Amino acid sequence: MANPTEHEPHGAHQTKKATASGWIGSALEYYDFFIYATAASLIFPQIFFPKGDPTVAIVASLATYGVGYVARPIGAFVLGHWGDTHGRKTVLLVCMFLMGFSTMAVGLLPTYQQVGWLAPALLVLLRLIQGFAVAGEISGASSMILEHAPFGRRGFFASFTLQGVQAGQILAAAVFLPLAHFLPAEEFNTWGWRIPFLLSIVVIIAGYIIRREVAETPAFAEEGEHGAVPKAPIVRAFQDSSRDMLRVVCMALMNVIPVVATIFGAAYAVQPAYGIGFSKGLYLWIPVLGNILAVIVIPFVGNLSDRIGRRPPIIIGALGAGLLSFGYLYAISIKDVPLAVCMSLLMWGVVYQGYNAIFPSFYPELFPTRTRVTAMAISQNVGTLITALLPALFATVAPPGSSNIPLTIGSFAFGITIISAVAAWSARETYRVHLNDLGEPNAVPVDKREYDRMRAQTLAGMASA
């Protein structure tokens, strides 16, 4: 019988406070990140690029979205190193300040008509800073929650990191909705779109107040006490965990689903060149409704993974979401709004959460405490970088006027989700492995019956607290 005191870190576990900090911080930071994604699809082609060929403007605007992901691997190296050498708390504060200020600056940019090519150049620079900053958010927040969570409940609590991300996307679209609906198009394109970016001052104020209250994790504190904090966690991560890092790169390709749902799907539905004709205000409701459902579903899937394991939900979610991408794009192509909403709810709101709710626990569980933030940040951001280049690719291979767009883009998406599912299948299961044993290829998981007993004891203790 496993003795938990031999395999779990000592010290005070601030489970609820760490979870709240991760949720709110992720919501605020990804509000920043996704208002850019929304604007890149709906507005930026008209105001930051020369008028003329609409296909060129759409491709260029979506490419600036992808530029943010180019900076993410660089940010992952820097911020991952910081998180594994200076602590989870400090890296999250750095991420928050960089993201908040760069997003506010986007709202102050001049347009192409005012300053010419300087406008898109500044837009790209600020997007690079955004990408750099967000690179450490998910890995830092997931690691902090995971290391504060009790054994048997890591999947449930870590899932709130992604619930916060979904909430941030809801907030991003919700801020655009009244502006797109009530403002005349000319005013919306002139100044209305700037309001969501300037509201990012909330990130800087609220995020700092919340995150300063959370203590460093017991696991990281013990690493420091034992002199186990590596001076070069990047080198250690590649030496000790290169195979698992490759698995995470492949699993992170699942980001193709939100790319299809909220980036290419938006351009396909709204941009006049494609001829679909969804209004901006109407289309914004599709990801909003899907994300609202995701916020509800995520903790249930996270809790399920604490009962049956991490791999089954990820594999099912990957393959199911890939198949549903065909139906979602088809619904847009036939201009069927109710069907598009239903497909979005199934693909994005429910099935995709089999992956989305689980990776905040599964990814960091594949790595040891000493290199956890670094290994997860680098590998996850390399994977998302690859998928972030897809919107411009999709707009190139399926430009306005082309035929069979749902089949073309759906085939790309499904093929990528198969890669993610295979990577998850090849990984070892982690949900019954103690925290101090995570990242060890030969770690022995707790017997299922003993694990269920310990988990029930944890549930009973938290219910009575």
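This is a predicted model: local features need pLDDT of at least 70, side-chain atom pairs count only at pLDDT 80 or more; totals for chains, interfaces and linings use all residues.

**A close look at the salt bridges**

Modeller: Let's start with D244 and R428, which form a salt bridge with their closest N and O atoms 2.8 Å apart. D244 belongs to helix α14 (residues 233-251), while R428 sits in the loop between α23 and α24 (448-464), so this pair ties together parts that are 184 residues apart in sequence.

Next up is R310, which has a couple of partners to talk about. Its side chain meets that of D306 in a salt bridge, at 2.9 Å from N to O. R310 also meets E365 in a salt bridge, with 2.7 Å from N to O. R310 lies in the loop between α16 (280-308) and α17, and E365 in helix α20 (residues 359-365), so that pair ties together parts 55 residues apart in sequence. How hidden is this group? R310 has 0% relative accessibility, so it counts as buried. D306 is buried as well, with a relative accessible area of 1%, and E365 is buried too.

Then there's a network of salt bridges, which links D84, R88, E147 and R372. Over the whole structure, the search finds 15 salt bridges. Disulfides are another story: the search finds 0 of them. As for cysteines, C95 has 0% relative accessibility and so counts as buried, while C342 is partly exposed, with a relative accessible area of 42%.

While you have the model open, have a look at a couple of loop residues. K335 is in the loop between α17 (311-333) and α18 (337-351), and its phi is near 60°, a positive value in a residue other than glycine. N404, in the loop between α22 (390-397) and α23 (405-426), also has a positive phi, near 55°. Why point these out? Because most residues other than glycine have a negative phi. K335 is partly exposed, at 47% relative accessibility, and N404 is exposed, with a relative accessible area of 53%.

One last stop is the inside. Helix α9 gives the largest share of the lining, 4 residues. By class, the lining has 14 nonpolar, 7 polar and 1 charged residues.

Definitions and conventions
Residues are numbered from 1 along each chain as its sequence is written. Side-chain values use heavy atoms; hydrogens and water are left out. Helices (H or I, at least four residues) and strands (E, at least two) are DSSP runs, numbered from the N terminus. Ala, Val, Leu, Ile, Met, Phe, Trp, Tyr, Cys and Pro count as nonpolar, Asp, Glu, Lys and Arg as charged, and the others, Gly among them, as polar. A disulfide is a pair of cysteine sulfur atoms within 2.5 Å. Buried means under 20% relative accessible area, exposed over 50%, partly exposed in between (1.4 Å probe, protein chains only). A salt bridge is a side-chain nitrogen of Lys or Arg within 4 Å of a carboxyl oxygen of Asp or Glu.
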